[in-house]
Amino acid sequence: TQSTWGSYPIAKMANTKQPPKVPETILKRRKKNQEARLKHAKAKLVEKKKLQDKKQVIFKRAEKYVKEYRTKERQDVRMARQARKTDNFYVPAESKLALVMRIRGINGVHPRPRKIMQLMRLRQINNGTFVKLNKATIMMLRIAEPFITWGYPNLKSVRELVYKRGYGKVEGRRVPLTDNAIIEKVLGRYGIICMEDLIHEIYTVGPNFKHAANFLWPFKLNTPNGGWRRKYNHFNDGGDCGLRDTQINPLLRRMI
């Protein structure tokens, strides 16, 4: 097409301007970012699938433990009834687990009980730890008896302590047990991946009890509601120190 300017025809110029080329470095960066996004999305999907599978495993384990606890409880009741029918007594198996609490300070403590409390990680008043009972630990508890109180915790006590006052030792730091991932990170190699695994290992004094008990930071408990009766007297003499058998459980309710 032509247009005229004055008496001279003028030819229109064709639009030959090309769009600017994108630098190769920017194209590479775009491609790299896209690949990274795809990789991240894929990893998130895999992680989500893993979490869902793990939740199912944890749920099944918890169900198995509940069944195990109920079976043991029913068995004890059945054995006691059978013994009663034949005018006999049923003596349940001795507890293998003890909860030890420190009730006195450092003034006038003999080096031997002080060392025993240090070995049991009872460095402060009202600290508590789980201890596996055997001949050696029972002898140690008897030596340190004037400064501690101990007994046999039930399942409810163990569960409440771990859930309400449970802190873990992660790289030497005191970390609250807010997530199963914290437990799995430290105890996963021993097959303990969640709170219920940890409680089961402690309560049943399993093969990895040492690692589980050592992972738990010593419990920091309150002074019991209503206070102590008499710290310097034995529990059997109306005091507080020494072995209190299953009576440790009502004391714990007042301290948690």
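Student: In this predicted model, which residues does Asn-127 touch, not counting residues up to four places away in sequence?
Tutor: Start with where Asn-127 sits: strand β4. Its relative accessible area is 5%, and buried means under 20%, so Asn-127 is buried. Leaving out residues up to four places away in sequence, Asn-127 touches Val-100, Met-101, Arg-102, Arg-121, Leu-122, Pro-218, Phe-219 and Lys-220.

Student: How many cavities of 30 Å³ or more does a search of the whole structure find?
Tutor: The search covers the whole structure and counts cavities of 30 Å³ or more. The largest cavity holds about 40 Å³ of space. The count is one.

Student: Which element gives the largest share of the lining of the largest cavity?
Tutor: Look at the lining residues. They are Arg-121, Gly-128, Thr-129, Phe-130, Ala-213, Leu-216, Trp-217, Pro-218 and Phe-219. Three residues make up the largest share, and they come from β4.

Student: How much space lies in the largest pocket?
Tutor: Picture its lining first. The largest pocket is lined by 23 residues. Nearest its centre lie Lys-72, Asp-76, Ala-93, Ser-95 and Tyr-203. The space in this pocket is about 810 Å³.

Student: Which element gives the largest share of the lining of the largest pocket?
Tutor: Two of the residues nearest the pocket centre are Lys-72 and Asp-76. Both of these lie in helix α1. The largest share of the lining is six residues, and it comes from α1.

Student: What joins the side chains of Asp-76 and Lys-72?
Tutor: Both residues lie in helix α1, four residues apart, about one turn of the helix. Residues three or four places apart in an α-helix point the same way, because there are 3.6 residues a turn. The N to O distance is 3.6 Å, and the limit is within 4 Å, so the link is a salt bridge.

Student: Are Asp-76 and Lys-72 buried, partly exposed or exposed?
Tutor: Asp-76 has 24% relative accessibility. Lys-72 has 48%. Buried means under 20% and exposed means over 50%, with partly exposed in between. So both residues count as partly exposed.

Student: Which residue forms a salt bridge with Glu-24?
Tutor: Glu-24 is exposed, with a relative accessible area of 56%. The closest N and O atoms are 3.9 Å apart, and the partner is Lys-28.

Student: How many residues apart in sequence are the parts that Glu-160 and Arg-253 tie together?
Tutor: The side chains of Glu-160 and Arg-253 meet in a salt bridge of 3.9 Å, N to O. Glu-160 lies in helix α4 and Arg-253 in helix α8, so the pair ties together parts that are 93 residues apart in sequence.

Student: Is Glu-160 buried or exposed?
Tutor: Glu-160 has 18% relative accessibility. The cut-off for buried is under 20%. Glu-160 counts as buried.

Student: What do the buried residues of α4 pack against?
Tutor: Helix α4 runs over residues 155-165. Its buried residues are Leu-155, Ser-157, Val-158, Glu-160, Leu-161 and Val-162. They pack against α1, β3, β4, α6, β8 and α8.

Student: Where does Glu-171 lie?
Tutor: Glu-171 is linked with Arg-173 and Lys-185 in a network of salt bridges. Glu-171 has a positive phi near 55°, although it is a residue other than glycine. At 64% relative accessibility, Glu-171 counts as exposed. Its place is the loop between β6 and β7.

Student: What is the phi of Asp-87?
Tutor: Asp-87 is found in the loop between α1 and β3. Asp-87 is exposed, with a relative accessible area of 73%. Asp-87 is not a glycine, yet its phi is positive, at about 50°.

Student: Which residues make the nonpolar surface patch of about 220 Å²?
Tutor: One of them is Ile-26, in helix α1. A patch residue needs over 30% relative accessible area. Ile-26 is partly exposed at 31%, so it passes. The patch is made by Val-22, Ile-26 and Leu-27.

Note on methods
Residues are numbered from 1 along each chain as its sequence is written. This is a predicted model: local features need pLDDT of at least 70, side-chain atom pairs count only at pLDDT 80 or more; totals for chains, interfaces and linings use all residues. Side-chain values use heavy atoms; hydrogens and water are left out. Patches are made of residues with over 30% relative accessible area and no salt bridge: like charges are joined within 9 Å, nonpolar side chains (Val, Leu, Ile, Met, Phe, Trp, Tyr) within 5 Å. Accessible areas come from the Shrake-Rupley method with a 1.4 Å probe; for residues, only the protein chains shown count as cover. Helices (H or I, at least four residues) and strands (E, at least two) are DSSP runs, numbered from the N terminus. Buried means under 20% relative accessible area, exposed over 50%, partly exposed in between (1.4 Å probe, protein chains only). Contact means heavy atoms within 4.5 Å. On a 1 Å grid over the protein atoms alone, a cavity is a set of points where a 1.4 Å probe fits but cannot get out, and a pocket is an open set with protein on both sides within 12 Å along at least five of seven lines; lining residues have an atom within 4 Å of a point. Grid points are joined across faces, edges and corners, and a volume is the space filled by probe spheres set on the points.
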